[in-house]
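Have the model open beside you as you read.

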Amino acid sequence: MWCGIGKSSFSIATACLVSAAVVISDTADAVRQRNYTPQQFRAVLRGLGYDIKVSNEPLTNADAKKAITEFQTGYRLKPADGLAGPKTQDFAAQIMQILQANLNVAMKPNPPLPRSQYYSTRTEAVVRAYQKKNQLTETGIADLALRQKLDQETSNILDKKPTTSPTTKPTTKPTTKPTTRPTGKPVTRPTPKPTPTPTPTETATPETTPTPETTPTPETTPTPETTPTPTPTPTR
């Protein structure tokens, strides 16, 4: 999720994007390994585009409180008190993980950036490379505009991957193999064998002709001999 505000005012930016590249757990402890040191948190805020110096000075200093309040207000974290409490640090860690994951997709650094809570010098270097690739000013700072552009580019890359691989494989293999084999073999073999059917007709006709000899069925006609039993007598 990218929400933010300008450096010089507290006006909330209108654009708020949900990253399709990363799904982060709502459990804060699973994101942030440990609390930031003042220098580490200052580096994160500066890397995300807030006006703050990277040093070991306390986060209670005026410049730190101002940057933290802008961060909290931009991401609607309450209370926006300018203090780097656990909730604020957890949210910053989530944003860093999204940024690093999106840079891995768009820039493919080798080795990939570790998904950590820190704005490291290597993260800054990959941001510079992304800016150079897109002809942007090479500041090494991933401000709101850059994060939104990166988020959209990452979403487009991920949307293209599922559509290419499934469409090519199923269409080529099933269509060629089934059509050639079934049509060739069944047509040639069955046709020559059924044609010898004339042989049964020739042998059958001479043997069946002797049927006239069996016609002595008239011998069975002695059924009239049984008729002499003039059964009229039982009619009484």
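Start with R128 and E124, which form a salt bridge with their closest N and O atoms 3.3 Å apart. Keep in mind that this is a predicted model. The two residues sit 4 apart in helix α4, so about one helical turn separates them. R128 counts as partly exposed because its relative accessibility is 33%, and E124, at 22%, is partly exposed too.

Now zoom out to the helix itself. α4 runs over residues 121-133 and reaches 18 Å from its first C-alpha to its last, close to the 18 Å expected. Which of its residues are buried? They are T123, V126, V127, Y130 and Q131. These cover an arc of only 145° around the axis, so they lie on the same side of α4. T121 and K132, on the other side, are exposed. Following the helix comes Q135, with a positive phi near 55°.

Next, look at α3, residues 86-107, where 19 of the 22 residues are buried. One of the salt bridges to find here joins D90 to R32 at 2.6 Å, N to O. R32 lies in the segment before α1, and D90 is in α3, so the pair links parts 58 residues apart in sequence. Both R32 and D90 are buried. Just past α3, K108 has a positive phi of about 50°.

In total, the structure holds 6 salt bridges.

Technical notes:
Residues are numbered from 1 along each chain as its sequence is written. This is a predicted model: local features need pLDDT of at least 70, side-chain atom pairs count only at pLDDT 80 or more; totals for chains, interfaces and linings use all residues. Side-chain values use heavy atoms; hydrogens and water are left out. The expected span of a helix is 1.5 Å times one less than its number of residues. Buried means under 20% relative accessible area, exposed over 50%, partly exposed in between (1.4 Å probe, protein chains only). The arc is that of the directions from the helix axis to the C-beta atoms. A salt bridge is a side-chain nitrogen of Lys or Arg within 4 Å of a carboxyl oxygen of Asp or Glu.
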